[in-house]
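Hi there,

Here is the structure I promised to pass on. Please have a look, and then read on for my notes.

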Amino acid sequence: MSSAEVIAVYPNRIKIAVHEIGELVDGDPVEVGSYLKIYDSLQGAIMAIIESYSIELRPSKEGGEDRQKVYVIEAVPLGFVDGDGRFSRGGGGIAIPPKKVSVAVKDEVQRIYDTVETEKRFHFAQLAQDISVDVPVDGDKFFSRHVAVVGSTGSGKSHAIARIIQTATQIRDETYGEYSLNNAHVVIFDIHSEYKTAFPEANNLSVESLILPYWLLNAEELQDLFIESNEEQSHNQIAVLKKSITENKRTHFEGSEEKRDLIHYESPIFFEINEVLDAIRAKNEQRIATPGKTTDRAGPLFGKLDNFITRLENRVLDRRLDFLLGDRAKSVNLESVLRQFTGYNPDSLANVTVIDLSGVPFEVLSITVSLVSRLLFDYSYYFKKLNASSQVETPLLLVYEEAHKYVPKSGLAKFSASRNSIERIAKEGRKYGITAAIVSQRPAEISETIFSQCSNFLAMRLTNPEDQNYVKRLLPDSLGPLTESLPVLSSGEALLLGDAAVMPSKVVMEQARPAPSSSDVRYMAEWIKPWQDVEFVRVVEDWQK
């Protein structure tokens, strides 16, 4: 009898009895997650991953009361390896009866991963079961399709993203000779100011240097910023805001009369926010003369816009919003704004733009993300439209860190602008060379429309059962042994699944160098030091500024 034999075949599972475990293992470590080759012909084999094993005691071959120890292994089929070592997912049903079972050795597994075309090979991880096995992906399929990176705090998401982008920006095509920058274009929405250390040469934009003009906001974003939707007079506020802005845009437009008449509420044309505020005050104070009488009467909006005016004044005077409503936002043009985000600054070019959102007030975080996303989508659309060929020459990757903070499932109006902008990229962006990396520690809280468009997944340790179940439902592969390991993955380990992966794999991510500043605070190292003074004056000055 063979040392291993298939004893049951199910649609998504194969059961194997191993009589002599030493003959099957042959010195190589075998564990849950290891790969098996199950031969059903001389031409090829089914590649399967071990999901579980158990030990059963069965009557010995010699008879009597002695019992033989039999290892029962359950494995999930991943795909078919042909006689030339080429791997294809699925592989059809396994022929009955299968001929042989063996452990896939390192060289066999590496040959499968190496079937990725050389010119498309993109490598950032090793196989968790054997770190000497490189796990490349198809770079075109990885970056041209949206990717989700999920994991609990401390699982290594920031390091994984940093390493992937660092690797992408270091790739060179030797046929073009030597050059310092490749044509990679990445924009990172950095919620916690983590990525500046990982990309010291990046185009770093904080609230002090970021310029995001209010006059580029669309109707939805303007209303999110200035209108309280549950107020009794919100419909009047929307109407007067729309009319005042449209009239002011036409006043400041310097083009022909014919083009001026085409300007509307959402035209990307400058308007002066203080003049709009004055116009709304005038509406609120308007009185109408009564024919034949010495007294006048209150206008239709008299006194009804008090709360609206107060809110507008507070926004305009809020120094934290200078990047959006201040003087520098009034003096910049659309081209400069686009150059700022795409890394085409006159002083220095950069592959990576890090938008540090840590200083952006939470009440305008969604609007900020929405406007930047929408501008980059429109830029990609018009760039491709003007390009004679159908080839996208400057593809963009947008990395949304902590995405659950601004694209939640919640139907609240304050998140609608960012949700609509990012969902548009998720549904249409690929056609115009703009893809998204959705990064979150709470995937169950993110808009399902966005996650359902992701074709590649890096699933790191998830401890919340709700998040685990949510990710399992979204994953494109039905993989019991891999998905069940989500809560026990070590820091830096991930499940790599999707269109770009040769086959679903448990991998170890390479370390980012330099690393993002996302490490845990070293409490014990700091607490054992002597008492340190704090410069409260500087803290307060920066706070009040």
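Below is what I found in the model, going from the whole chain to single residues.

A word on the ground rules: this is a predicted model, so I kept local features to pLDDT of at least 70 and side-chain atom pairs to pLDDT 80 or more, while totals for chains, interfaces and linings use all residues. Residues are numbered from 1 along each chain as its sequence is written, and side-chain values use heavy atoms, with hydrogens and water left out.

The whole chain

The protein chain has 19 helices and 20 strands; these are DSSP runs numbered from the N terminus, helices being H or I with at least four residues and strands E with at least two. Its C-alpha trace spans about 120 × 55 × 55 Å along the principal axes. Of the 545 residues, 50% count as buried (buried is under 20% relative accessible area, exposed over 50%, partly exposed in between, with a 1.4 Å probe and protein chains only). Taking contacts between residues at least 6 apart in sequence, 68% join residues at least 24 apart, where contact means heavy atoms within 4.5 Å.

In helix H12 (residues 334-342), Val337, Leu338, Gln340, Phe341 and Thr342 are buried. Their cover includes strands E11 (186-190), E12 (203-205) and E15 (352-356), along with helix H13 (365-386). Just after H12 comes Gly343, with a positive phi of about 85 degrees.

Helix H13 also has helix H5 (residues 219-226) as a partner: their axes come within 10 Å and cross at roughly 165 degrees (axes are lines fitted to C-alpha atoms, for helices over the stretch in contact, with angles from 0 to 180 degrees between N-to-C directions). That makes H5 roughly antiparallel to H13, a label for angles over 145 degrees, with under 35 roughly parallel, 65 to 115 roughly perpendicular and the rest oblique. On the H5 side the contact is made by Glu221, Asp224 and Leu225, and on the H13 side by Ile367, Ser370, Leu371 and Arg374.

Aromatic rings

There are 15 aromatic pairs, counting rings of Phe, Tyr and Trp (its six-membered ring) with centres within 6.5 Å; planes under 30 degrees apart are stacked, over 60 edge-to-face and the rest tilted. Take Tyr379 and Phe383: their ring centres are 5.8 Å apart and their planes at 40 degrees, so this pair is tilted. Both lie in H13, 4 residues apart, about one turn of the helix. Tyr379 is buried at 17% relative accessible area, whereas Phe383 is partly exposed at 28%. Elsewhere, Phe122, Phe124, Phe142 and Phe143 form one aromatic cluster.

Arg287 lies over the face of Phe302, 5.2 Å from the ring centre; the rule asks for NZ of Lys or CZ of Arg within 6 Å of the ring centre and within 35 degrees of the ring normal.

Backbone details to look at

Which residues are joined by a cis peptide bond? They are Arg513 and Pro514, with omega about -5 degrees. Pro514 sits in the loop between strand E20 (505-509) and helix H18 (523-527).

Ser193 is not a glycine, yet has a positive phi of about 55 degrees. It is found in the loop between E11 and E12 and is partly exposed, at 29% relative accessibility. Glu402, also not a glycine, has a positive phi of about 50 degrees. Glu402 lies in the loop between strand E16 (396-400) and helix H14 (416-428), and is buried at 7%.

Best wishes
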